[in-house]
Amino acid sequence: MLRKKHILLGITGGIAAYKLPLLVRECVKAGAEIRVVMTESAASFVTPLTLATLSGNDVVVGTIPKMTGNVMKGGTWHIHTAAWADLLLIAPATANVLAKLAHGYSDDAVSTLALAFTRNVLIAPAMDADMWNHTATQQNVSLLRELGYTVLPPDQGELASGLIGPGRLPEVYRLLEAVDAELEKSRRDLTGKRVLITAGPTFEAIDPVRYIGNRSSGKMGFAIARAAAQRGAAVTLIAGPVALQTPRNVERVDVESAEEMYRAVMKRRAKANVIVMSAAVADFTPASPAKTKFKKEAMKESTLDLPLRKTKDILGELTREKSDAVIVGFALETERALFHAKKKLKAKHPDLLVLNDASKEGAGFNTDTNIVTILSRTGKIDRLKKMTKYDVAHEILNRVARLL
Ligand code: CTP
């Protein structure tokens, strides 16, 4: 979401200000334009020169800049700057600035801008735990939320004072995620839609201890769940065994085996407007898993025969049924990728098939990027460049939204 966006960063005077140059750099790298405004006390913690160099723009410190002779940039600077920006992020936000914003004060450049802003203000407070927990601060936070500001809860942990508690500024990547989510709110094209997504591998038990699995990390499916929820959909994510955090506003159902995933999907399919099968469902499972741990002494030879049977093809079954849902399948291939993908599209005929060529660098399992080709039932083939899985998720959802 950050690409080509105008971000205004308001820094106020707290020790966590030292983290912000990194955020400025990441925003620029993501293709955003960023301007920094800071209070006098913030300038004691991090230098305006650092921020000007990283942002490539002049930094405003303290009060509204004096630019007489240019009305546009002088007397109405705050109005024009607010109109320029897509989002205002105030980080770190001190207890003092929370109090000021909650009551409409505008006695420095940051609070003046906040008051001139009509949308997309994201506030990331950081302070000592006692100040955060103080009733006055908590009341101010409630007031700010009522006024429509998004206030991020601070992280729990070790504070600059040495005390442990809530008050830490979230890490830069989390702030960026929050900025992204805030920007996404302007694109709510999946509002009212129910999206069912499967993600991750399935584990097929050999005995109570061992299993057959695959290398899927679940990152692609989780990225789709996050993106769909941000676009307003009611999302249910059926996840195989993965080590990932549930995205915000997503209902998660954990399953282990292909059979469990099959049942979880079948139970929920009728209500779904969109079904995305990004899970790497096992194609075969041990025919008769042992009830107790299999002992190697029981092996007569140096090799072991393990009879396997086919699992149910969830995607195949979904597309065989008559339904209005938009169905997205995935194909992971390691050779002659497009040939196999076209065959899979014909055999399972989902509306869209996302082809993942695992032989390419920056694609496939456990990476944060992916290189996919999206094939549609109508014969269209879109080869996408390498991008983050989150961006791939939006590319997929753009096409889904058109089909709905
Ligand atoms: N899939 C499914 N149920 C299965 C196996 C796969 O729903 N038992 C879904 C996957 O979630 C994916 C698509 O089918 O959306 C393609 O899976 P893939 O394993 O690549 O294809 P297969 O048809 O299983 O063929 P092969 O493994 O031989 O490539």
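## The largest pocket

In this predicted model, the largest pocket has a lining of 50 residues, and those that lie nearest its centre are Leu 176, Glu 177, Asp 180, Arg 226 and Tyr 390. Two or more lining residues come from each of helix H1 (20-29), helix H8 (172-184), helix H9 (219-230), strand S22 (387-388) and helix H13 (389-403). Among these elements, H8 gives the most to the lining, with nine residues.

The space in the largest pocket comes to about 2,100 Å³. Its lining draws on both parts of the chain, since at least three residues are taken from each of domain 1 (6-185) and domain 2 (194-403). Sorted by class, the residues that line the largest pocket are 21 charged, 19 nonpolar and 10 polar.

## The second largest pocket

The second largest pocket, with a volume of about 920 Å³, is lined by 38 residues, and Ala 279, Ala 280, Val 281, Asp 283 and Phe 330 are the ones that lie nearest its centre. The elements that give two or more residues to this lining are H9, helix H11 (314-320), strand S17 (326-333) and helix H12 (337-348). The largest share, four residues, comes from S17.

By class, the lining of the second largest pocket holds 16 nonpolar, 14 polar and eight charged residues.

## Surroundings of the ligand

The ligand is surrounded by 16 residues, of which the closest are Met 277, Ala 279, Leu 315, Phe 330 and Lys 344.

From a side chain, a polar atom of Lys 348 is placed 2.8 Å from an oxygen atom of the ligand. On its own the ligand has 570 Å² of accessible area, and the protein covers 76% of that area.

## Backbone features

Most peptide bonds are trans, and most residues other than glycine have a negative phi. Against that background, the peptide bond that runs from Ala 91 to Pro 92 is cis, with omega near -15 degrees; Pro 92 itself belongs to strand S4, which spans residues 87-93.

Lys 4, a residue other than glycine, has a positive phi, near 65 degrees. Lys 4 is found in the segment before strand S1 (6-11).

Note on methods
Residues are numbered from 1 along each chain as its sequence is written. This is a predicted model: local features need pLDDT of at least 70, side-chain atom pairs count only at pLDDT 80 or more; totals for chains, interfaces and linings use all residues. Side-chain values use heavy atoms; hydrogens and water are left out. On a 1 Å grid over the protein atoms alone, a cavity is a set of points where a 1.4 Å probe fits but cannot get out, and a pocket is an open set with protein on both sides within 12 Å along at least five of seven lines; lining residues have an atom within 4 Å of a point. Grid points are joined across faces, edges and corners, and a volume is the space filled by probe spheres set on the points. Ala, Val, Leu, Ile, Met, Phe, Trp, Tyr, Cys and Pro count as nonpolar, Asp, Glu, Lys and Arg as charged, and the others, Gly among them, as polar. Domain bounds come from an automatic or database domain assignment. A residue is near a molecule or strand if one of its heavy atoms lies within 4 Å of it. A polar contact is a pair of N or O atoms within 3.5 Å; within protein, one must be able to donate a hydrogen and the other to accept it, and residues adjacent in sequence count only if both atoms are side-chain atoms. Accessible areas come from the Shrake-Rupley method with a 1.4 Å probe; for residues, only the protein chains shown count as cover.
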